[in-house]
Amino acid sequence: ECIMVDIQYIQNNIKEGFQLNPNEKVVNAIIKGINRCGGECPCNNSSDDGRCPCSNFRLKDMCCCGLYVKIP
């Protein structure tokens, strides 16, 4: 099943202690990449489950593509 990711989907999956990357161009580019990859993280991601938000983010608090950043 191929879901199209949009800003609403991304915002709904923010974890506590994280926020969306404040650079809107970065966020939009990553969303386009996710959709090009059929919902998978577009970066070189070592996650067991690459579907965004990937298992590295969900389980290890690591967002390798920079879509989600820790709140300072």
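**Entry 1: the core**

I started with the largest nonpolar core, which has 13 residues; those touching the most other members are Ile-10, Leu-20, Ile-34, Cys-52, Phe-57, Leu-67 and Tyr-68. A reminder to myself that this is a predicted model. Next I looked up which elements give two or more residues to this core, and found strand 1 (18-20) and helix 2 (24-36). Helix 2 gives the most, with 4 residues.

**Entry 2: Tyr-68**

I then picked Tyr-68 from the core list. Setting aside neighbours within four places in sequence, I find Tyr-68 in contact with Ile-10, Asn-13, Ile-14, Phe-18, Gln-19, Leu-20, Pro-53, Phe-57 and Cys-63.

The largest cavity holds about 80 Å³ of space. Tyr-68 turns up again in its lining, along with Ile-34, Cys-41, Pro-42, Asn-45, Cys-52, Pro-53, Cys-54, Phe-57, Cys-63, Cys-65 and Leu-67.

**Entry 3: Asn-21**

Is Asn-21 buried or exposed? Its relative accessible area is 17%, so I log Asn-21 as buried, the cut-off being under 20%. Asn-21 sits in the loop between strand 1 and helix 2. A polar atom of the Asn-21 side chain lies 2.9 Å from the backbone oxygen of Gly-66. Leaving out neighbours within four places in sequence, I list Val-26, Val-27, Gly-66, Leu-67 and Val-69 as contacts of Asn-21.

Notes: Residues are numbered from 1 along each chain as its sequence is written. This is a predicted model: local features need pLDDT of at least 70, side-chain atom pairs count only at pLDDT 80 or more; totals for chains, interfaces and linings use all residues. Side-chain values use heavy atoms; hydrogens and water are left out. A nonpolar core is a set of buried Ala, Val, Leu, Ile, Met, Phe, Trp, Tyr and Cys residues joined through side-chain atoms within 4.5 Å. Buried means under 20% relative accessible area, exposed over 50%, partly exposed in between (1.4 Å probe, protein chains only). Contact means heavy atoms within 4.5 Å. On a 1 Å grid over the protein atoms alone, a cavity is a set of points where a 1.4 Å probe fits but cannot get out, and a pocket is an open set with protein on both sides within 12 Å along at least five of seven lines; lining residues have an atom within 4 Å of a point. Grid points are joined across faces, edges and corners, and a volume is the space filled by probe spheres set on the points. A polar contact is a pair of N or O atoms within 3.5 Å; within protein, one must be able to donate a hydrogen and the other to accept it, and residues adjacent in sequence count only if both atoms are side-chain atoms.
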